[in-house]
Amino acid sequence: MVTKQLSGLPDQADLTRADSLGREIFSDIANKWALLIIEALGERTLRFSELRNEIEGVSHKMLTQNLRMLERNGLVERTVHPTVPPRVEYTLTEPGQALRVTIDGMCDWTHRYIGHIEASRRDFEARKA
């Protein structure tokens, strides 16, 4: 990692850091598994196995990696209950719920414009042929 010395006002450094952090967070959450996990949790609390059953095609490894990333970013809360065997549950935090509203908006946009997008793709492919 390279450390870059910023010249200028402290506010500029803060904005640069915020922009960099924003890109990092967006990179983390803008993958299909993270989006599907957030959508599957919704307003519910689910165990790992329940979450895995909700998300078709996700592997144990990918679910684990994405849940850890979402927890690290404060979007998912992990609760371990002291039972034998341990029971682990996941729920969205307040920021996770707020992000879910944004994701729902993206899904609504997709449903609204799917016909247009499909027609544009057909036209594009026909022009290439």
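Buried means under 20% relative accessible area, exposed over 50%, and partly exposed in between, with a 1.4 Å probe and protein chains only. In soluble globular proteins, nonpolar side chains tend to be buried together.

The model is predicted: local features need pLDDT of at least 70 and side-chain atom pairs count only at pLDDT 80 or more, whereas totals for chains, interfaces and linings use all residues. Residues are numbered from 1 along each chain as its sequence is written, and side-chain values use heavy atoms, with hydrogens and water left out.

**The whole chain.** Next, colour by secondary structure. The chain has five helices and three strands, in the sequence pattern α-α-β-α-α-β-β-α. Helices (H or I, at least four residues) and strands (E, at least two) are DSSP runs, numbered from the N terminus. Of the 129 residues in the chain, 23% are buried.

**Leu51.** Apart from its neighbours within four places in sequence, Leu51 is in contact (heavy atoms within 4.5 Å) with Ile37, Ala40, Leu41, Leu46, Leu63 and Leu67.

**Helices α2 and α4.** Now display α2 (residues 32–41) together with α4 (residues 60–72): their axes come within 10 Å and cross at roughly 75 degrees. Axes are lines fitted to C-alpha atoms, for helices over the stretch in contact, and angles run from 0 to 180 degrees between N-to-C directions. Angles under 35 degrees count as roughly parallel, over 145 as roughly antiparallel, 65 to 115 as roughly perpendicular and the rest as oblique; α2 and α4 are therefore roughly perpendicular to each other. On the α2 side, select Trp33, Ala34, Ile37 and Ile38, which meet Met62, Leu63, Asn66, Leu67, Met69 and Leu70 in α4. This contact has nine nonpolar residues, one polar and no charged. Here Ala, Val, Leu, Ile, Met, Phe, Trp, Tyr, Cys and Pro count as nonpolar, Asp, Glu, Lys and Arg as charged, and the others, Gly among them, as polar.

**Along α4.** Which residues of α4 are buried? They are Leu63, Thr64, Asn66, Leu67, Met69 and Leu70. Select Asn66, which is buried at a relative accessible area of 5%. Beyond its neighbours within four places in sequence, Asn66 is in contact with Asn31, Trp33, Ala34 and Ile37. Continue past the end of α4 to Gly74, whose phi is positive, near 75 degrees.

**Phe48.** Move to Phe48 in helix α3, which counts as buried at 18% relative accessibility. Leaving aside its neighbours within four places in sequence, Phe48 is in contact with His60, Leu63, Thr64, Leu67, Val88 and Tyr90. Draw a C-alpha to C-alpha distance from Phe48 to Val88: the two are 40 residues apart in sequence and 6.8 Å apart in space.

**Pro85.** Finish in the loop between β2 (76–81) and β3, where Pro85 lies. The peptide bond from Val84 to Pro85 is cis, with omega near -10 degrees.
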